[in-house]
Amino acid sequence: MFKIMYKKELSPGIFHMDIEAPRVAKKAKAGQFIVLRVDEKGERIPLTIADFDVEKGTITLIFQVLGASTMQLSALNEGDSIVDFAGPLGQPSEIDGNMGTVVCIGGGIGVAPVYPIARAMHEAGNKVISIMGAKTKDILIFEDKMRAISDEVIIATDDGSYGVKGFVTTALQQLVDRGEKIDQVTAIGPGIMMKSVCDATRPLGIKTIVSLNPVMVDGTGMCGGCRVQVGDEMKFACVDGPEFDGHLVDFNNLMSRGRMFREQEAKAKDHVCNIGLGR
Amino acid sequence: MALVLEKHKMPEQDPQVRAHNFQEVALGYDEETAVAEANRCLGCKNPQCRPGCPVGIDIPAFIGKIKERDFDSAISIIKESSSLPAVCGRVCPQENQCEKNCVLTHKGESVAIGRLERFVADYQLDKNEEVKPIEFAPDAQKVAIIGAGPSGLTCAGDLARKGYKVTIFEALHVAGGVLSYGIPEFRLPKDKIVKREIDNLQKMGVTIEVNSIAGRLFTVDELMAEMGFDAVFVGTGAGLPHFMNIPGESLNGVYSSNEFLTRCNLMKAYDFPNHATPIAMGKKVAVVGGGNVAMDAARTSLRLGADKVYIVYRRSEAELPARAEEVHHAKEEGIDFKLLNNPVEIIGDENGWVKSLKCIRMELGEPDASGRRRPVAVEGSEFELDVDTVIMAIGNGPNPIVASTTPGMDTNKRGNIIADEETGATTKEGVFAGGDIVTGAATVILAMGAGKKAAAAIDEYLKSKK
Ligand SMILES: Cc1cc2nc3c(=O)[nH]c(=O)nc-3n(C[C@H](O)[C@H](O)[C@H](O)COP(=O)(O)OP(=O)(O)OC[C@H]3O[C@@H](n4cnc5c(N)ncnc54)[C@H](O)[C@@H]3O)c2cc1C
Ligand SMILES: Cc1cc2nc3c(=O)[nH]c(=O)nc-3n(C[C@H](O)[C@H](O)[C@H](O)COP(=O)(O)OP(=O)(O)OC[C@H]3O[C@@H](n4cnc5c(N)ncnc54)[C@H](O)[C@@H]3O)c2cc1C
Ligand code: SF4
Ligand code: FES
């Protein structure tokens, strides 16, 4: 059993949880994820390691309530436990001190997984410019944390309630327009956002790394459910990724596969609501 | 006594009924049938069955004990050579092993060795005998086992009985390997058989740590240098699914057999939404492949509510690698065998879902390296099979996570760990390996046998080090 040591609702429907898992915390690196199961009948769901504390032996998860499993997880409280927690999974981000200027883009909940990567890049001595995107000001998360480890932070909201009005790509364009020399972009967020970022950086020849979130089961390379098309190769995101060269990723296929279980997901959500598991 | 030419029939669930439930198909012999079947055995002086058994069970001896109704002695004889008889009695390809050479096959059917093995194994499990915990010496040496499939479980059991403190590290949240995630409930019941074997190991004193992915949570070197283990056995299986590399494999509705079976067996998607993991499938399913895995995926599809299920296999019936019984059961349940057909493309609809499977007809040509006649495409014979779900069951390769993080432990060009056939010793001192990770996808009995050999070798190795 893995105990929930801390829980906080960061903004409506977005939760921060610290889970006690000392062995995972000792090995965790930026860019990796874990797979958890809430209870004995639960589904295995992947969540990014948003932070880790070796001393306390905890892993920080930031998750958005979307369907049955995240709803159930959000209904648990400090002191409760979940049955399974496995990781760290996936390849760590490739980070060194000679990356130059990196633009780290997080869209929505994607800010959480981008944070440890941006922090590691910053600690390695690179210039980090962060772009944070959200629909509206109230649901923006991690602003203070991102400011603490970035040389500059640009915020973009769809409705213009905070920062630049528009998408993360609008903010990126501003950087380009002002003549910022960008060596790499790392973008994490919804598929459509990562696709737009890649479409913007491709003509400029800026190396762009994305972190993919296909449906996963085991997270160890055993099921192939997480397969993604990268260039002319089929890759398993859980073991070969989750980070890939964004210019090679077939995003349309990724997004289409993300809808494969839509009907069942709706059913599962109803079920959880009906039996009162989702509080 | 007159010679009975046929095996005593196995009581089975009716095909029409069982095609819609997940309960075990074969119900098992009762005592009288078992004794009557045992009496068919001639107790040959020079038994041909025994050399056919990969682990050399003394077959005539255990059958002799069944004739005497001394079932306890019968199972003891089996357990001298096999650790998982309730499993192997159910899933071994007996027709290619012990039963193949039984003298009775000259006149009729062989003795039903597998069914008799299952009978005595179940007899013992049903007695629920108390398992005595082993008392380990305070200075007992420690062995780590990576992977809780048949090879790892067997190696662990044998080493614990020899007094070693054993910890099994398993990546998934349940032990058992393919026995838990791959082979379906209707062929190998989980709570009744697999879980009980695992529980018994734990009662004996073997520690099982699930959610522990070697190569990520710790490396083999760390197990030995920092975590205090004196030897390591790697039994990580063949868990990396192959695809055909034909167009359309990324469409919605396409699964690897591993994903499909894992969702259903391990995650219990057949009980969705009570169990939270879904399976999205249509009513018309094509399963590509001809082995046990393909039969399991096909029969599982039927039980999940498919109306029409095809097996698409590029060779002919004679080459089907599945156990004869599985093919027979699949046909009885109404699976449609499209033999001598090879998929060339999966065609999708406007929503990105499978619409059909384009195949080409094959004919058998000259024998290939495997001795089987090579299938060759008949030019211009393409046709479309109207299906909405496609399951790829064309084989699995080795998962590279452990090998790639263990310097000094060599693999061959296919990525399988190189290990001595008799001892399981790898090229790295103190590290042994066995089962599918060494041989490539094979059988439960071979994996179990490899675990046994490695346990004996690890014992030798650790004695010499003490
Ligand atoms: C490597 C990786 C890292 C992730 N990190 C985070 C994170 O840090 N925070 C966060 O909020 N979300 C993250 N996700 C997404 C998260 O796993 C899904 O939101 C979650 O599984 C939804 O489950 P549900 O039952 O609540 O919703 P559902 O109603 O089941 O699904 C909602 C959506 O989530 C996706 N999804 C469903 N099941 C899975 C699954 N088993 N694996 C992956 N995606 C699935 C589907 O595309 C679906 O459209 C990550 C996904 C991956 C692959
Ligand atoms: C669907 C299906 C049907 C089959 N039917 C039959 C049959 O009827 N008869 C028969 O004889 N054989 C059958 N087989 C084959 C048989 O199951 C295998 O040959 C046998 O299970 C191999 O045993 P193993 O111990 O080598 O590995 P596995 O059973 O594959 O177990 C390996 C275990 O190691 C774990 N693991 C992997 N990597 C790591 C890691 N890094 N850290 C920790 N743990 C790890 C895995 O999660 C798994 O639990 C079938 C196989 C399948 C898939
Ligand atoms: S070969 Fe057949 S008849 Fe002879 S001992 Fe073996 S099982 Fe009995
Ligand atoms: S999640 Fe199963 S192979 Fe990646």
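**View 1. Elements covering α8(B) in the predicted model**. The cover over the buried residues of α8(B) includes the strands β1 (142-146), β2 (165-169) and β4 (231-234) of chain B. The helices α9 (178-181), α10 (190-204) and α17 of chain B are also among the covering elements. Of the 12 residues in α8(B), 11 are buried. The buried residues include P150(B), S151(B), C155(B), D158(B) and A160(B).

**View 2. Length of α8(B) and the residue that follows**. Just after α8(B), G163(B) adopts a positive phi of about 100 degrees.

**View 3. The shell around ligand 2**. There are 34 residues around ligand 2, and those that come nearest are V91(B), S151(B), E170(B), R187(B) and D436(B). By class, the shell comprises 17 nonpolar, 12 polar and 5 charged residues. In chain B, α8 (150-161), α13 (292-303) and α17 (444-465) each contribute at least two residues to this shell. The largest share, 3 residues, is supplied by α13(B).

**View 4. Polar atoms facing ligand 2**. A backbone N or O atom of V91(B) is 2.6 Å from a nitrogen atom of ligand 2. For A214(B), a backbone N or O atom lies 2.9 Å from a nitrogen atom of the ligand. R187(B) places a polar side-chain atom 2.8 Å from an oxygen atom of ligand 2. Taken alone, ligand 2 exposes 1,000 Å², of which the protein buries 94%.

Technical notes
Residues numbered from 1 in each chain as written. Chains lettered and ligands numbered in written order. Predicted model: local features only at pLDDT ≥ 70, side-chain atom pairs only at ≥ 80, totals over all residues. Heavy atoms only, no water. Near = heavy atom within 4 Å. Polar contact = N/O pair within 3.5 Å; in protein donor to acceptor, adjacent residues only side chain to side chain. Areas by Shrake-Rupley, 256 points an atom, 1.4 Å probe, with all protein chains shown as cover. Helix = DSSP H or I, 4+ residues; strand = E, 2+ residues; numbered from the N terminus. Nonpolar A, V, L, I, M, F, W, Y, C, P; charged D, E, K, R; others polar. Expected span 1.5 Å × (residues − 1). Buried < 20%, exposed > 50% of the residue type's maximum accessible area, 1.4 Å probe, protein only. Contact = heavy atoms within 4.5 Å.
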